[in-house]
Amino acid sequence: ADFHVDPIIGTYYLSLNLERDAFKDARVRKALSLAIDRDYVANTLMQGTYSPADNFMGPGWIDTDGTQFKDNANGGQSYIDVNNYEADLEEAKQLLADAGYPDGEGFPSISYTTNDAGYHKVVAEYLQQAWAQLGIDLQVDIVEWASFTPMRRNGDFDIARNGWVGDYTDPSNMLELFTTNNGNNDGKYANPEFDQVIEDSRVADKTTHFEKLHEAEDILMNDAACIPVAYYNDFWLQSPSLKGTWHSPYGYWYLQYGYVEE
């Protein structure tokens with residue numbers, strides 16, 4: 001059998017409760033983001049089943065000309081340099097100091113809420129270590145799935161595991177999550193400029209539509225409105241004799257036209 005890996009359009013990210021005073025300053029949010037070694041998380045902790053996230057929008061999302069939306073983001077540059085973690089960590093320490101918390105001094109103890117499934121617990125334990133390098137004390141709160149989603153929706157958390165897999169390949173599917181009144185905006189991000197750019201993207205002209213969506217991602221990442229960590233992948237073994245199947249970028253299998261070639 002042959003080994004296959006396909007990206008799924010979606011991102012594993014952290015929601016920060018922006019109603020908490022600890023996260024009001026964008027420099028704090030950026031510091032928390034930059035202190036994460038995404039390559040280590042994706043390729044070691046998650047055993048390569050995810051890919052490190054250097055943008056919010058990952059591979060598979062389509063731009064106006066049919067190319068990857070990600071390739072055209074931020075002037076063609078990644079928002080986060082996942083291959084230069086030591087420099088990122090130093091920048092994180094400086095940002096936290098600039099925000100008034102040198103070496104974490106005076107920063108409150110915070111909690112991270114997640115459910116205990118897949119790699120979520122080991123990621124939570126890693127975040128404790130990563131943010132300890134900034135002098136930040138993180139408590140991990142592992143809860144049952146049935147309790148986890150209502151807690152996150154109700155804002156009963158400091159930072160929580162989150163993620164989204166696309167319903168369709170237009171990047172608006174994920175970016176619109178962060179508009180002020182979106183029901184899936186668990187971190188309660190509220191930026192009138194972002195809302196207006198998303199509203200301006202809702203036009204028939206494709207060039208304008210995608211320009212505005214790129215602008216929206218710029219705002220989102222500059223604000224560190226959430227912390228993208230990794231991109232979802234699907235991986236499987238397939239016999240070369242199996243033909244006619246299709247694996248969609250949403251992670252679904254279509255086997256109705258499949259057949260085995262003798």
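Modeller: This is a predicted model. A place to start is helix α7 (residues 192-200) and helix α8 (residues 206-223), whose axes come within 8 Å and cross at roughly 160°.

Biologist: Why are α7 and α8 called roughly antiparallel?

Modeller: Angles over 145 degrees count as roughly antiparallel. The axes of α7 and α8 cross at roughly 160°, and α7 and α8 are therefore roughly antiparallel to each other. Their crossing is left-handed.

Biologist: Which residues of α7 and α8 meet?

Modeller: On the α7 side they are E193, F194, V197, I198 and D200, and on the α8 side T208, K212, L213, E215, A216, I219 and L220. Sorted by class, this contact has seven nonpolar, one polar and four charged residues.

Biologist: What makes α1 and α3 roughly antiparallel?

Modeller: Helix α1 (residues 26-34) packs against helix α3 (residues 85-98) at an angle of about 155°, and the axes are 8 Å apart. With the cut-off at over 145 degrees, α1 and α3 are therefore roughly antiparallel to each other. The crossing in which α1 passes α3 is left-handed.

Biologist: What makes the contact of α1 with α3?

Modeller: From α1 come R27, V28, K30, A31 and L34, and from α3 come Y85, D88, L89, E91, A92, L95, L96 and D98. Eight of the residues in this contact are nonpolar, none is polar and five are charged.

Biologist: Turning to rings, how many aromatic pairs does the structure hold?

Modeller: There are 14 aromatic pairs. One of the ring clusters to look at is formed by Y12, Y50, Y119 and Y232, which are linked by ring pairs.

Biologist: Why is the pair of F3 and F235 called tilted?

Modeller: Planes under 30 degrees apart count as stacked and over 60 as edge-to-face, with the rest tilted. The planes of F3 and F235 are at 50° and the ring centres 6.5 Å apart, so the pair is tilted. F3 lies in strand β1 (residues 2-16) and F235 in strand β6 (residues 226-238), so this pair ties together parts that are 232 residues apart in sequence.

Biologist: How do you know that F3 is exposed?

Modeller: Exposed means over 50% relative accessible area. F3 has 57% relative accessibility and therefore counts as exposed. F235 has a relative accessible area of 42%, so F235 is partly exposed.

Biologist: What makes the pair of W145 and F148 tilted?

Modeller: Their planes are at 45°, so the pair is tilted; the ring centres are 5.9 Å apart. W145 and F148 are three residues apart in helix α5 (residues 145-153), which means a separation of about one helical turn.

Biologist: Is F148 buried or exposed?

Modeller: Buried means under 20%. F148 is at 0% relative accessibility, so F148 counts as buried. W145, at 48%, counts as partly exposed.

Biologist: Where is P240 found, and why is P240 called partly exposed?

Modeller: P240 is in the loop between β6 and β7 (242-243). The relative accessible area of P240 is 48%.

Biologist: What is P240 in contact with, leaving aside neighbours within four places in sequence?

Modeller: P240 is in contact with A1 and D2. E261 is 21 residues from P240 along the chain, and their C-alpha atoms are separated by 8.5 Å.

Note on methods: Residues numbered from 1 in each chain as written. Predicted model: local features only at pLDDT ≥ 70, side-chain atom pairs only at ≥ 80, totals over all residues. Heavy atoms only, no water. Axes fitted to C-alpha atoms, helices over the stretch in contact; angles between N-to-C directions. Helix = DSSP H or I, 4+ residues; strand = E, 2+ residues; numbered from the N terminus. Parallel < 35°, antiparallel > 145°, perpendicular 65-115°, else oblique. Left-handed = near helix turned anticlockwise from the far one by under 90°. Contact = heavy atoms within 4.5 Å. Nonpolar A, V, L, I, M, F, W, Y, C, P; charged D, E, K, R; others polar. Phe/Tyr/Trp six-rings, centres within 6.5 Å; stacked < 30°, edge-to-face > 60°. Buried < 20%, exposed > 50% of the residue type's maximum accessible area, 1.4 Å probe, protein only.
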